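Reader: I am new to this structure. Please take one part and look at it closely.

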Amino acid sequence: LRSHLLKMTMLTQRAIDTSIKAYELNSVELCQQVRRTDGELRKLQHSIGDRGRTLLAAETPIDSNASITCCTLRIYSTLRIMCTAAVEISQNTMAILESGHVTESLATEEMGKFVNSLLRSCSVALFEEQIRHAKRVLLIERGRRRFDPALYRAHDALPPWTGAHMNRELAIMRCLSQIAEHAYELAEAITLWLEGNGCLDARRECAA
């Protein structure tokens, strides 16, 4: 379970980092690398699914409410969403480049660097089992509050491009925003897992 989780984290981080670099460097090759990484991730997901079906066929008891099960499912789901967003960034970057334009929004590049830093901290927390890195993500200027103003500033800073180009740039920004939002979800799940608290209990407490 931990081995699959770490590999999935590694592949997701690679996809996000590569998609951001593809945008910064106007690189078609890096866009293609994101697709290949996504393919590796899908194969890993099939492997995880096969293992789960094998356990079910063997009637191995699995407590779906257990802390590790709940938190692991949250992490898997979050990583999948983040990787999908990275693929969308690469697709929009590819479309911009194929149209004969280049990506040149410094504000978007800054957003990408911020997103990358969040995911790196989450990855270190998982690989080294050091909870402080996950908590740092949750404490960065109260987390979610930092990114929304940056998104608006980036939107305002975009040059007056044509409609199609503008739409693709905005789509890239939205993907970065989605990755940032789910980085906080990832950090929460990692924190609960490393602390040994039950995810379901934590959700009930938050809802109370």
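**A close look at helix α7**

Helix α7 covers residues 163-195, which is 33 residues. From its first C-alpha to its last, α7 reaches 48 Å. That is close to the 48 Å expected at 1.5 Å a residue, where the expected span is 1.5 Å times one less than the number of residues. Just after α7 comes G196, with a positive phi of about 80°.

The model is predicted: local features need pLDDT of at least 70, side-chain atom pairs count only at pLDDT 80 or more, and totals for chains, interfaces and linings use all residues. Numbering starts from 1 along each chain as its sequence is written, and side-chain values use heavy atoms, with hydrogens and water left out.

Now the partner. Helix α1, residues 2-25, packs against α7 at an angle of about 155°. Their axes lie 13 Å apart. Axes here are lines fitted to C-alpha atoms over the stretch in contact, and angles run from 0 to 180 degrees between N-to-C directions. The two helices are therefore roughly antiparallel, a label for angles over 145 degrees. The crossing of α1 past α7 is left-handed: the near helix is turned anticlockwise from the far one by less than a right angle.

Which residues meet? From α1 come L5, I16, I20 and Y23. From α7 come E169, I172, L176, I179 and W193. Contact means heavy atoms within 4.5 Å.

Last, the setting. The chain has eight helices and zero strands; helices are DSSP runs of H or I with at least four residues, strands runs of E with at least two, numbered from the N terminus.

How values were computed
Parallel < 35°, antiparallel > 145°, perpendicular 65-115°, else oblique.
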